[in-house]
Amino acid sequence: MPQDVLFQLKGVSKCFVKGKEKITIFEDLDLTINRGDFIAIMGPSGSGKTTLLNMLGGVDQPSAGEIWFDGARVDNLSEGALTRWRARNIGFIFQFYNLMPMLNAARNVELPLLLTKLSRAQRKKHVETALALVGLSDRAKHMPGEMSGGQQQRVAIARAIVSDPQLLLCDEPTGDLDRTTADEVLEMLQLLNREHGKTIVMVTHDPAAAKYAKQTLHLDKGKFVQRELVA
Amino acid sequence: MSDFYLIYKNMTRKPLRLFLTCFSIFIAFLIFGTIITFKSALDAGVEMSADNRLVVFNRINFTVPLPESYFHKVAAVEGVRDVTHLNWFGGYYQEPANIISVMAVEPESYLDVYSDQLVPPEQREAWLRNRQGILVGQKLAEMYGWKIGDRVPISSNIFSHRDGGQTWDFVVEGIFHNADAQADTRMAVFHYKYFQETATFGGDTIGWLTLTTEDASLNEQVAKTIDAMFANSPYETDTSTEKAFSKAFIEQIGNIGLIIFGVVFMAFFTILVVVGNTMALAIRERTGEIAVLKTLGFSSPRIFRMVLSESLLIALLGGLSGLAMAYFLLEGIKSTMGQFLPNLIMDGKIVIQAVGYMLLLGIVTGLLPALNALRLNIVTAFNRG
């Protein structure tokens with residue numbers, strides 16, 4: 001595997017049975033993601049974008065094929081090992097932010113650090129850095145309900161990057177935001193990719209959002225039908 | 001922040017629901033603590049009765065007296081070691097509310113039959129010598145600050161004194177304690193002869209007989225012999241062990257055991273259903289959040305522990321408050337009714353038992369939601385959300 005390859009899907013298939021019907025989402029799908037990539041995955045509803053993202057994040061398993069991450073196969077890991085792998089390597093950003101409503105911004109950002117061996121002081125420092133990076137240092141004590149959608153998504157981004165994962169997986173990260181706020185969030189993702197070397201895979205319906213990525217993959221009926229490099 | 005902080009924040013996110021859930025458990029353990037302590041206090045009398053001690057009552061019921069001659073007739077029955085007779089005096093000290101258990105007894109035989117009531121030899125002699133002397137239990141003496149040589153007036157709510165009034169003068173000649181430290185010693189006994197000479201009525205009969213057998217194995221045979229001896233007479237008898245009598249006496253106010261079991265079981269079952277339903281609902285509401293935690297890398301067993309800990313904490317929070325309230329309630333009852341139920345004490349055994357039930361409640365109500373959280377599939381949870 002070449003040095004810059006971070007993720008590789010080899011002949012991955014995903015199907016499930018609904019009643020008596022067998023539904024195939026992908027068949028024999030190949031994908032290579034290099035370190036430092038910022039990939040947007042687009043496609044119509046039901047094309048398998050989110051399923052693909054789930055498989056990259058180890059929350060869903062392929063029916064066939066192999067998934068490799070940083071030179072190691074991950075699709076055959078046990079649930080526990082996959083959970084630990086996910087905590088170490090992947091940061092998630094969701095459409096609806098998915099912050100814990102009973103925790104303030106700083107506590108939400110701290111959540112992934114509970115899975116590390118960092119001391120309380122170290123965790124505090126990491127949280128401050130992540131919140132500063134997303135421009136929310138002054139909102140650390142605010143509860144999610146006291147913040148706008150854009151601010152909540154920035155807290156979610158801080159949570160995703162606080163443990164310094166290699167890969168960020170974003171599922172419609174601007175789907176719930178207005179254009180201006182969406183652009184701010186996308187600029188932030190771009191910054192994380194360019195300045196901090198984070199590899200990003202983003203699922204989106206929005207062509208304007210996809211323009212922030214370095215390349216766009218179009219998925220339809222379980223196949224990549226088009227690969228577009230953004231200038 | 002720690003897992004405990006997360007548990008705490010989850011628990012307190014809906015304060016009203018937390019309060020109501022804890023309050024339900026509070027009520028359950030208030031009932032449990034109070035009733036079990038009552039039962040334990042009532043049972044204490046039964047447990048402290050000697051195995052080879054029998055009581056002979058009038059067959060009609062224990063308030064109807066027996067002829068004095070029965071004392072000697074029973075003493076002659078084969079297998080009987082010692083026998084004494086007692087009369088309920090219905091005593092109180094100064095105020096009718098200060099009821100004390102006082103009995104007129106045949107002194108020498110009383111000390112033989114109740115050999116577990118330990119009296120210093122010189123006090124024993126002094127009491128036997130002084131017809132006006134009274135032998136007082138240690139707890140009763142402590143309660144009213146009585147000392148050897150004190151003259152104490154004790155009134156009766158049943159009998160009248162020949163000199164007028166209902167008060168008798170006694171001299172404290174002895175203070176006994178029981179071989180079993182837990183035994184009730186809030187009682188006093190005095191000479192039957194003094195009672196016989198001074199009471200306007202009741203001095204020609206005895207209340208009941210208490211006897212010890214040579215061996216507990218002879219109890220049945222001795223009881224049958226005594227009852228057969230007085231069968232078809234105007235004063236038929238009913239002989240049973242002291243334990244059986246105490247139990248029957250307690251059960252006269254209903255089958256305490258059954259009532260307690262019924263109340264506690266129903267309360268627990270109701271609470272179990274309410275708390276279980278609340279916990280299940282609370283966890284179901286958090287399906288999306290649990291899925292997020294799993295996505296972030298929280299392991300399933302860790303989430304299982306967090307959910308179970310939450311329900312255990314709620315059970316302990318409500319349960320311990322309820323138990324504490326039961327304790328204070330019982331202390332209050334004891335201060336006014338202590339003479340009836342001297343063993344009304346919530347001891348360590350009851351507390352341990354209650355804590356065990358709290359843990360059981362927490363586990364039973366939290367297990368299903370915790371298992372659901374453990375098995376939660378992230379993809380399914382997000383799709384549902």
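1. Helix α5 spans residues 149-161 of chain A and helix α6 residues 179-196, and they pack at an angle of about 15° with their axes 9 Å apart. That makes α5(A) roughly parallel to α6(A), a label for angles under 35 degrees. Axes are lines fitted to C-alpha atoms, for helices over the stretch in contact, and angles run from 0 to 180 degrees between N-to-C directions.

2. Before going on, a word on the source: this is a predicted model, in which local features need pLDDT of at least 70 and side-chain atom pairs count only at pLDDT 80 or more, while totals for chains, interfaces and linings use all residues. Residues are numbered from 1 along each chain as its sequence is written, and chains are lettered from A and ligands numbered from 1 in the order in which they are written.

3. Helix α5(A) brings A:Gly149, A:Gly150, A:Gln153, A:Arg154, A:Ile157 and A:Ile161 to the contact, and α6(A) brings A:Thr181, A:Glu184, A:Val185, A:Met188 and A:Leu192. Contact here requires C-beta atoms, placed from the backbone, within 7 Å. By class, this contact of α5(A) with α6(A) has 5 nonpolar, 4 polar and 2 charged residues (Ala, Val, Leu, Ile, Met, Phe, Trp, Tyr, Cys and Pro count as nonpolar, Asp, Glu, Lys and Arg as charged, the others, Gly among them, as polar).

4. Now chain A overall. It holds 7 helices and 10 strands, taken as DSSP runs (helices H or I of at least four residues, strands E of at least two) and numbered from the N terminus. Of its 231 residues, 49% count as buried, with 20 or more other C-beta atoms within 10 Å of their own. Among contacts in chain A with a separation of 6 or more, 69% join residues 24 or more positions apart.

5. One open sheet of chain A has 6 strands in the order β6-β7-β8-β3-β9-β10, with mixed pairing; two strands pair if DSSP finds at least two bridges between them. Its edge strands are β6 (90-93) and β10 (223-229), each pairing on one side only. Within this order, β7 (residues 167-171) and β8 (residues 199-203) of chain A run parallel and are joined by 5 bridges. In that pair, A:Asp171 stands opposite A:Val203 of β8(A).

6. The other open sheet to look at has 4 strands, β2-β1-β4-β5 of chain A, paired antiparallel. Here β2 (21-34) and β5 (72-73) each have a single partner strand, so one side of each is left without a neighbour in the sheet. Helix α1 (residues 49-56) of chain A packs on this sheet and touches β1 (5-18), β2 and β4, its direction making about 125° with that of β1(A). Strand β4 (residues 64-69) and β5(A) are paired over 2 bridges, and A:Trp68 has A:Arg73 as its bridge partner in β5(A).

7. Finally, the interface: 20 residues of chain A are in contact with 15 residues of chain B. Helix α2(A) gives the largest share of chain A's side, 6 residues. That side has 10 nonpolar, 4 polar and 6 charged residues. The buried residues of α2(A) are A:Thr83, A:Arg86, A:Ala87 and A:Asn89, and their cover includes β4, β6 and β7 of chain A together with α11 (287-296) of chain B.

Conventions
Contact = placed C-beta atoms within 7 Å. Parallel < 35°, antiparallel > 145°, perpendicular 65-115°, else oblique. Buried ≥ 20, exposed ≤ 12 C-beta atoms within 10 Å, placed from the backbone.
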